[in-house]
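The sequence and the structure come first.

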Amino acid sequence: MAPAVIRLAVPVRLSLGASLLLLIAGMVAPSSIADDAADAATATPDATAADAVAVASSPATQEAIERMRSELQVLASDEYEGRGVGTEGLNLASEFVRQRFAEAGLNMTAHEGDPFQEFSITGSPTLADPNTLSLVHGDDPPIALQFDSQFMPCSFGQPGSFSAPIVFCGYGIEADDLQYNDFIGVDVADKVVVMVRRTPFQSDPHGAFGLDHGSARHATLTTKLSNAFRRGAAAVLFVNDPYAARAEKEGYESGIVEASERTITASRQLVSAWINQGGDGAVDTAALEQELRAAVNHLEGLEQLLTNHNPDPLMEFGYSGTRSGRSIPVMHITVEACNQLLTQAMGMTLAEWEAAIDADGMPRSAVLEGWKVEGVCTFETPEVPVANVIGMLEGSGPTANETIVIGAHYDHVGLGGEGSLSPGVFEVHNGADDNGSGTVALTELARRLAERETPLPRRLMFIAFSGEERGLLGSAEYVNNPIVPLSDTVAMLNMDMVGRIEDSKLTIYGVGTSPVWDPLLEEYGTDFLMVKEPEGMGPSDHASFYPHQIPVLHFFSGLHNDYHRPGDDWEKINFEGIADVVDFVEALTIELAEAPERPAFTEVQGNAQLTRTGNRPYFGSIPDFGTSAEGYAITGSAPGSPADRAGLVAGDVIVQLGEHQIGSLDDFDLALRKFMAGEEVAVTVLRGEERVELKVTLGAPRE
């Protein structure tokens, strides 16, 4: 009897080959191949800290919620261009905050007569004309390389023109501790230096330059550039190392062979289970279906990596950022272009040179006799004017000279590019949560506290920071040029991303920076399930105040799939949750302002972080900082990422990666670096009370 057409119990996205196998077996219909695919509180004018928390939901609270909703719709509109540095939208946002502070009744003249503390930020570098590069050998006609296909300027260099002889300096490494130095025996002063990316002996992960020895610093572009710059080089040309591309492709190809065999085996086992089920009832094929799905997912992931593999990609302009201070022109050339130099001057290709180095460990640097390079590197790095917006409420009484700073940054990442987590997508990143949510919370808090009939005993300073996304630049500007002495600043409360509160979870950083914080949080934070992090250093503006021995608190509702992506829009914001945060911070502010003594400062070791970066395989999980789970908890997976394809979902807690136990995000980050792109890794997660095992095919590093 012919086997019946059976639908799989779980949706399996099949490659064409796997689909045909099941179609032949009669296990899927032909059409299925195409088908697979809170309550908040508002203080009265003379409310106490307890009143600010205890008042139940009221018309005034609803008015505040609607006010913040209306304000955020403006700040997170396309007209404001993602509030990126260099956009007119950022200027519109600073004026918007100024108006809200003025309407609240704050003192707007504290900074030299106006609310704007102006400073400049180095803008994103942009290519200009001309950019040329030619290889010249004796009296032969110059070999002009093609921009964007054979060479690309690097933003961490410096614009300028150069014409000089060429020195090939291998990997550009100076490692006396490892008894390896590419600069011995060659003079690079006033020369163009050609250097290869990464390090020797890559086939040996435990060798002299392996991770075991902590020598990854020798592979960084900036270290290599510094080695050449310090020796007086005129310019630098980087070239990709052949080993990395070759090993990557070979890994994909061998992986595809193994994954194909696994897929066929899994398909046959599933077919056999259905054919041989007999008349005693249905066979439980869930485990076989899960294995087939994992096999197909792994195969398709490898196929995609191989299809998209570029053996010699040029670094995109802007990669590795900019270099502060002086530099020299830096360009990236192709292996093919480099081989034109090496074969004639050294009698070997780059791949042959690399093999010779790996064979005996002896540097082979040389002056490329008869060759010189002529080039022009042109790009612009503008200085962009930006401003913090500052409003003040004066205190009254013997502690009136002491200040509480309440802050939130109002900038975001603009139209994408630098800072965006959507590579290649250039559209408005509205930043409703990051940090439109904190900005409207700040203006609402200013409004409430300014309405008090009786001034608080201590001064309140409200600061909307700019430049946070470029490295806490606005808050750094303030602490370097404070309006009131930092010695008289008793605390800093910061709100950055408070718009996505779920299940009442709120993470608070800096809890260890003063002994008063924990009891105050317990007293006034009863509306929240709080995750308390002790560190005062971390990825937001409070970190600029902490080194000055100022107690800090940073309020954060958690990362999500829209973080630094175009989807961070106002429609996804929990405005009732923001109102709860405003209530909470208002109560804390009043308590701090009325306390007889300023809060004591406590130093805390460590640096809290939201994300990890680096040259490691791409996984695609999003950390959940709103839980104290014993493992690496996630709020979800980036769409289309390896984690997403494998089925990791919000709420999962990763406790095992391969053979590595995972107890925290740090454990996960270090363990992930032990694997390579294209490798299938077993991942164990806790999903509620259930222990679930999944298979993830790691993606190429997101450098």
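A disulfide is counted here as a pair of cysteine sulfur atoms within 2.5 Å. By that criterion the structure, which is a predicted model, holds 0 disulfides. Cys377 is accordingly in no disulfide, and the cysteine sulfur nearest to it, that of Cys154, lies 7.8 Å away. Cys377 counts as buried, because its relative accessibility is 2% and the cut-off for burial is under 20%. Cys338 is likewise buried, with a relative accessible area of 0%.

**Confidence and overall make-up**

The chain has a mean pLDDT of 87, and 87% of its residues reach 70 or more.

| Stretch | pLDDT | Contacts beyond near neighbours in sequence |
|---|---|---|
| Residues 1-45 | under 50 | 83 contacts, beyond four places in sequence |
| Residues 53-57 | below 50 | 12 contacts |

The chain contains 17 helices and 26 strands, and of its 703 residues 53% are buried.

**Helix α10**

In helix α10, which spans residues 350-360, the buried residues are Leu350, Trp353, Glu354, Ala356 and Ile357. These residues lie on the same side of α10, because they cover an arc of only 160° around the axis. In general, an α-helix has 3.6 residues a turn, so residues three or four places apart point the same way. The elements that cover the buried residues of α10 include the strands β6 (160-168), β8 (180-181), β9 (192-196) and β10 (235-239), as well as the helices α7 (242-275) and α9 (335-345). Gly361 follows α10 and has a positive phi, near 70°.

**Nonpolar cores**

The largest nonpolar core has 68 residues, among which Phe462, Met495, Phe555 and Phe584 touch the most other members. Helix α15 (residues 575-594) gives the most to this core, contributing 12 residues. When neighbours within four places in sequence are left aside, the contacts of Phe555 include Leu493, Asn494, Met495, Asp496, Met497 and Val498, then Leu506, Thr507 and Ile508, and also Phe584, Val585 and Leu588.

Key. Residues numbered from 1 in each chain as written. Predicted model: local features only at pLDDT ≥ 70, side-chain atom pairs only at ≥ 80, totals over all residues. Heavy atoms only, no water. Buried < 20%, exposed > 50% of the residue type's maximum accessible area, 1.4 Å probe, protein only. pLDDT = per-residue confidence, 0-100. Contact = heavy atoms within 4.5 Å. Helix = DSSP H or I, 4+ residues; strand = E, 2+ residues; numbered from the N terminus. Arc of directions from axis to C-beta. Core = buried A, V, L, I, M, F, W, Y, C linked by side-chain atoms within 4.5 Å.
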